[in-house]
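Here's a quick briefing to read with the model open on your screen. Have a look at the fold, then work through the topics below.

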Amino acid sequence: MIKYRTNGKGSLIGKTVAISGAGNVAQHAAIKVLQLGGSVTSLSDSEGSVIATQDGAIDMGFLDKVISHKAQRRQLAEFVSDDDTGIKYVPGQRPWKNVPRVKIAPPCATQNERLKEAQVLINAGCKYVTEGSNMSCTSEASALLESHRKQKQGNATRYAPGKAANSISIPPYNPYSRIITSSCLYLTSLRSFLAIPRLCKLLESSGGLLCYRLWMYGY
């Protein structure tokens with residue numbers, strides 16, 4: 001998405017990435033961001049969020065600690081300390097309203113985790129919302145992001161739904177499965193354009209591939 005939007009000139013280097021969650025999906029997303037030169041500004045769990053301060057960032061050392069403690073099913077609040085410079089813990093809140101800066105927001109915690117925060121991210125100048133967890137955004141949030149894209153065009157926040165992000169993990173158990181599921185999820189991608197929530201909900205439950213070029217290429 002970044003390369004397409006910037007005609008091949010852009011990358012993750014120097015980009016601030018706010019991630020929700022602290023499980024497997026969030027951990028690997030954070031690792032990849034750091035490997036590609038980005039800056040991780042948040043992680044979260046069911047009890048609160050770890051937020052990088054204005055001049056701080058979550059580095060690989062802190063992330064290793066998160067991975068180790070989460071393997072023991074411990075909460076973030078149990079091991080964030082004053083020794084972790086540039087990082088603070090915010091109890092009872094998700095990261096979206098608390099990160100001081102964000103260019104990319106991959107929600108990696110739970111389904112339908114963000115509605116009001118979609119507008120918060122737009123206001124904060126976030127350029128990309130890329131779902132790590134399935135359907136992190138509600139239908140209302142998806143419609144809001146699409147409406148913003150139509151209004152702002154090239155300056156809009158771009159949105160890649162979780163079905164697109166996770167499509168590569170779906171195994172082709174029979175020669176028709178990818179074709180069938182791709183068709184179903186292609187139709188659900190129209191939910192931002194058509195007010196047919198019951199049909200969208202039925203199609204979303206079928207799972208499968210999603211052709212997210214509707215968002216990436218601005219259709």
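Let's begin with strand β2 (residues 39–45), which is mostly covered: seven of its seven residues are buried. Buried here means under 20% relative accessible area, exposed means over 50%, and partly exposed is in between (1.4 Å probe, protein chains only). Helices (H or I, at least four residues) and strands (E, at least two) are DSSP runs, numbered from the N terminus. Keep in mind that this is a predicted model, where local features need pLDDT of at least 70, side-chain atom pairs count only at pLDDT 80 or more, and totals for chains, interfaces and linings use all residues. Residues are numbered from 1 along each chain as its sequence is written, and side-chain values use heavy atoms, with hydrogens and water left out.

**Strands around β2**

- Strand β1 (residues 16–18) runs parallel to β2, and the two pair over three bridges; strands count as paired if DSSP finds at least two bridges between them.
- To pick out this pairing on screen, go to A18, whose bridge partner in β2 is S42.
- Between β1 and β2 the chain passes through helix α2 (residues 24–35), making a right-handed β-α-β crossover. Right-handed means that, with the strands pointing away from the viewer, the path from the first strand over the helix to the second runs clockwise.
- β2 also pairs with strand β3 (residues 48–52), this time in the antiparallel sense over four bridges.
- A hairpin of two residues takes the chain from β2 to β3, and D45 has G48 in β3 as its bridge partner.

**The nonpolar core**

- A nonpolar core is a set of buried Ala, Val, Leu, Ile, Met, Phe, Trp, Tyr and Cys residues joined through side-chain atoms within 4.5 Å.
- The largest one has 23 residues, and I19, L43, V50, I58, F62 and V66 have the most contacts inside it.
- α2, β2 and α3 each put in at least two residues, with the largest share, four residues, coming from α2.

**Rings**

- How many aromatic pairs does a search of the whole structure find? There is one, counting rings of Phe, Tyr and Trp (its six-membered ring) with centres within 6.5 Å.
- F62 and F79 have ring centres 6.2 Å apart and planes at 40°, so the pair is tilted; planes under 30 degrees apart would be stacked, over 60 edge-to-face, and the rest are tilted.
- F62 sits in helix α3 (residues 60–71) and F79 in the loop between α3 and β4 (87–91), so the pair ties together parts that are 17 residues apart in sequence.
- F62 is buried at 4% relative accessible area, and F79 is buried too, at 7%.
- R5 lies over the face of Y128, at 5.2 Å from the ring centre. The cut-off is NZ of Lys or CZ of Arg within 6 Å of the ring centre and within 35 degrees of the ring normal.

**Cysteines**

- The disulfide count is zero, using a cut-off of 2.5 Å between a pair of cysteine sulfur atoms.
- C108 is buried at 8% relative accessibility, and C137 is buried at 0%.

**Contacts across the sequence**

- N134, in the loop between β6 (128–130) and α5 (139–152), is partly exposed at 34% relative accessibility.
- N134 and G162 are 28 residues apart in sequence, yet 4.6 Å apart in space, C-alpha to C-alpha.
- S142 belongs to helix α5 and is buried, with 0% relative accessibility.
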